[in-house]
Amino acid sequence: MLSQARSRTELAFMEAGVEQDVRADGRRRVDYRDISVTVDVVPSSHGSARVILGHDATEVLAVVKADLSQPSYERARCGTLELNVEVSPLALLYKETGREVEDLNAELTTAFESFLVESGALDMEALCITPGKYAWTIYLDVIVLEGQGNILDAVSLAAYAALRTAALPGVDAISGGLDSANNPIEDFELSSTDILDAKPLPVQNLPICITLNRIGNFVVVDTAAEEEAEGGVQARLTVAVDETGHICGLYKGAGGGFPVGEMHTLAQHAVPIAKKVLEGLKAAIGLTDKKEKKGIEKGSSKLRCEAGTWRRDACVGE
Amino acid sequence: MYNCYTPRVATKTQVSTLQTNSEIQAQRKKDDTGPSPARSESFRMDGRAYNQLRPVFIDLNTVSHASGSAYLEMEHTKVLVAVYGPKARQDVEFSDEGKLICDFRYSPFALRARRPTGKEKGGREGGREGGGGGGGGPQRDEERAASRTVSQALEASVQLAKLPKSVVEVFVLVLQTDGGEVGAAISCASLALAEAGIELFGLVASCEVVAFTPSEGKREWRVRVDPTAAEEGGEEGGREGGKEGGVVGLALMPVSGEVTQVWQKGRLDTRGSERALEMAADGARMVHALMRKRLLTYMEQEGGGEGGWGGLGEMTRDDRAMRAQDEKHPESVDGDVK
């Protein structure tokens, strides 16, 4: 486990390295660690994904489960999304106090929720089966199993993969006719019991997060745990970018500041980075190919971003 | 301390960004892809111009027992902040720098629908004990997140290096909310820290804007400063039924020109994002000017000259210089602090 305190010499060393575009692990400022994504890791759920950054450094598991519920009166035509992000005690973060970990969970949940919900990525009305009676509730639970740096980005990648590969059984609403008590029948039935006929979730333009960290006068992405230690990063800006290049959310962490005149260029800096990461992610989970079917092992792929090109080493199974 | 239910009437702000940003506006007119601000952007439900803040009322030393306190009203958004500290830290043996902790709570009556306090049902396990604030029950997720937002916004403004082994606690209570309460909390907390005499680099002011496109396809972005909850929600009149849009909030410390906090909810493209960030920064400067003015007036009334405000250090000298400048030009109180 890493100690949390960094001496001034170590911090100065790190800052000098960032200035010269060489970080502690040899990466450049714009380089991500190896990203490995595996889908369908929890077969009992409707969709799941596991993302690992680096060599077992940060590991996040996202699981989608869906359930039927009655929509509320004000939003009778909409389904709901319940999001929960939490850091598992397994992660043994250097934050020891229970209160700090709870604060971190709350921060991650609200930040990510605002990106997902406010960007309108999930079409709530499409989740409704019978207005006022039946609608899907999508539970998205994200668990951080290892937190050695850049947790929020990993959370967004795992959630993206899980939501894009999740599939719900097709459901038809039945109405019309009266039952024995002379009440109008409002029911639903499964369109098909074949798993391969499951429909994907109605998501489009789902965002992922790119976190820009200010170290000295430079900005780095994908900080490792030693870079995130106390005093390393002065300020942190998380930009949520969707597939069309729109910015779906901004979230700032850490106590420092960014120059006001540079705010816009900084946010825009994240857009091409997000594009590259998304391309690799989509290729890895098989979304650029034909429609994939649930139940087939998609395998995992190792993505690596170097000097502007993506290299994909695909390996099936683990 | 007067009764919060009958606050004094706030005066309308007369500050306009058109004067301070005349170059930007002139350039906008030349750039034909940008919308002209003089056009129909001015339609708002409460009759304000697109770049006009709601009437702001500030009162200081509201909680007389606290080290420092402030009360800020932006029409119907009312926030009360009390600062306790600097006091000795109990959790660590020694720390080089001070620590800033924030406790942000909504009072149960703050929103339109009364929120249950933690006492009715089982509540969450492991809730926080201690700390002041409204409900007194466990904090909700959004309150915890807002606590982080406020403390991160203020950290850069406090001279923590001068407070070893100390902690400064900021308690925020939202009495009523009509949009923009987190921004109001940041500004109010900054005033409370100043009133407490804690040494600061500068004041932090915050402002929100809502940006939207009135119709699909047209890339014309409309930005409105300091939206009410209805304008933020964007259902009927707020965003004129536009599909794309979002709320951007920004906390700025004009003394160093640094943005200490920023948040965005909703989708914006490049152009919208640029305009929104710019207008939010302008709005924050406007709020900063009001805060500074009020603080100086308060100093004159209560502080009684130099003796009462020794704790503010450099800020007093700077403000004396700024005040002399303001007396020469009383109309143009703008936020540009050099």
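User: Is Lys276(A) buried, partly exposed or exposed?

Analyst: This is a predicted model, where local features need pLDDT of at least 70, side-chain atom pairs count only at pLDDT 80 or more, and totals for chains, interfaces and linings use all residues. Residues are numbered from 1 along each chain as its sequence is written, chains are lettered from A and ligands numbered from 1 in the order written, and side-chain values use heavy atoms, without hydrogens and water. Buried means under 20% relative accessible area, exposed over 50%, and partly exposed in between (1.4 Å probe, protein chains only). Lys276(A) has 27% relative accessibility, so the residue counts as partly exposed.

User: Which residues of H1(A) are buried, and why do they line one face of the helix?

Analyst: Helices (H or I, at least four residues) and strands (E, at least two) are DSSP runs, numbered from the N terminus. The buried residues of H1(A) are Leu11(A), Met14(A), Gly17(A) and Val18(A). Seen down the axis, they line one face because they fall within an arc (of the directions from the helix axis to the C-beta atoms) of 125 degrees.

User: Which element gives the most to the side of chain B that touches chain A?

Analyst: Contact (heavy atoms within 4.5 Å) joins 35 residues of chain B with 36 residues of chain A. Between the chains, 13 residue pairs are in polar contact, both at pLDDT 80 or more; such a contact is a pair of N or O atoms within 3.5 Å, where within protein one must be able to donate a hydrogen and the other to accept it, and residues adjacent in sequence count only if both atoms are side-chain atoms. With 11 residues, the element that gives the most is E9(B).
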